Amino acid sequence: MGQKTAKAHGPSTVTVKGRDYRVRSICFFVLAALTIWFIAANTKSVTIRLWVSEVTLPLWIVLSVTLVVGILLGLLIAYRRARR
């Protein structure tokens with residue numbers, strides 16, 4: 001009788017110049033480069049209305065703070081899901 005063996009598939013990889021790179025890693029670095037480029041391209045000042053006051057800051061600072069807060073929230077959610 002034939003045995004059915006499940007073949008374990010690893011993460012998707014791409015070979016470049018003899019080295020294997022994970023597709024997930026490549027996507028991460030491309031997205032990071034585009035994010036840095038987008039933040040660097042937006043340097044004008046903007047006025048942000050908070051609940052009570054208004055603040056005028058360069059847009060790159062606002063985008064950077066938003067990015068860092070988003071990363072921290074994503075890490076917090078991933079940490080909490082991993083603990084379950």
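A residue counts as partly exposed when its relative accessible area lies between the limits for buried, under 20%, and exposed, over 50%. Val14 falls into this middle class because its relative accessible area is 34%. The model described here is a predicted one. Its chain has 84 residues, of which 2% count as buried. The chain contains 2 helices and 4 strands, and the order of these elements along the sequence is β-β-α-β-β-α.

**Overall form**

- The radius of gyration of the chain is 21 Å, whereas a compact globule of 84 residues would have a value near 12 Å.
- Along the principal axes, the C-alpha atoms fill a box of roughly 75 × 40 × 15 Å.

**The nonpolar surface patch**

- A nonpolar patch on the surface is formed by Val14, Val16, Tyr21, Val23, Ile26, Val30, Leu34, Trp37 and Phe38.
- Together, the residues of this patch have about 780 Å² of accessible area.
- Two elements, strand E1 (13–16) and helix H1 (23–41), each contribute at least two residues to the patch.
- Helix H1 provides the largest share, with 6 residues.
- Val14, one of the patch members, is located in strand E1.
- With a relative accessible area of 34%, Val14 is partly exposed, so it passes the requirement of over 30% that applies to patch residues.

**The salt bridge**

- Side chains of opposite charge can pair when their charged atoms come close.
- In this model the count comes to 1 salt bridge.
- The partners are Glu54 and Arg49, whose side chains meet at a distance of 3.0 Å, N to O; this pair qualifies because the distance is within 4 Å.
- Glu54 is partly exposed, with a relative accessible area of 49%.
- Arg49, in turn, counts as exposed at 66% relative accessibility.

**Helix H1 and residue Ala32**

- Ala32 belongs to helix H1.
- Its relative accessible area is 27%, so Ala32 is partly exposed.
- Ala32 and Leu57 are 25 residues apart along the chain, and their C-alpha atoms are separated by 23 Å.

**Helix H2 and residue Ser64**

- Ser64 is part of helix H2.
- The relative accessible area of Ser64 is 24%, so this residue is partly exposed.

**Strand E4 and residue Thr56**

- Thr56 is found in strand E4, which covers residues 54–58.
- At 54% relative accessibility, Thr56 counts as exposed, because the limit for that class is over 50%.
- Thr56 and Ser45 are 11 residues apart along the chain, with a separation of 6.4 Å between their C-alpha atoms.

How values were computed: Residues numbered from 1 in each chain as written. Predicted model: local features only at pLDDT ≥ 70, side-chain atom pairs only at ≥ 80, totals over all residues. Heavy atoms only, no water. Rg over C-alpha atoms; globule rule 2.2 N^0.38 Å. Buried < 20%, exposed > 50% of the residue type's maximum accessible area, 1.4 Å probe, protein only. Patch = residues over 30% accessible without salt bridge, like charges linked within 9 Å, V, L, I, M, F, W, Y side chains within 5 Å. Areas by Shrake-Rupley, 256 points an atom, 1.4 Å probe, with all protein chains shown as cover.
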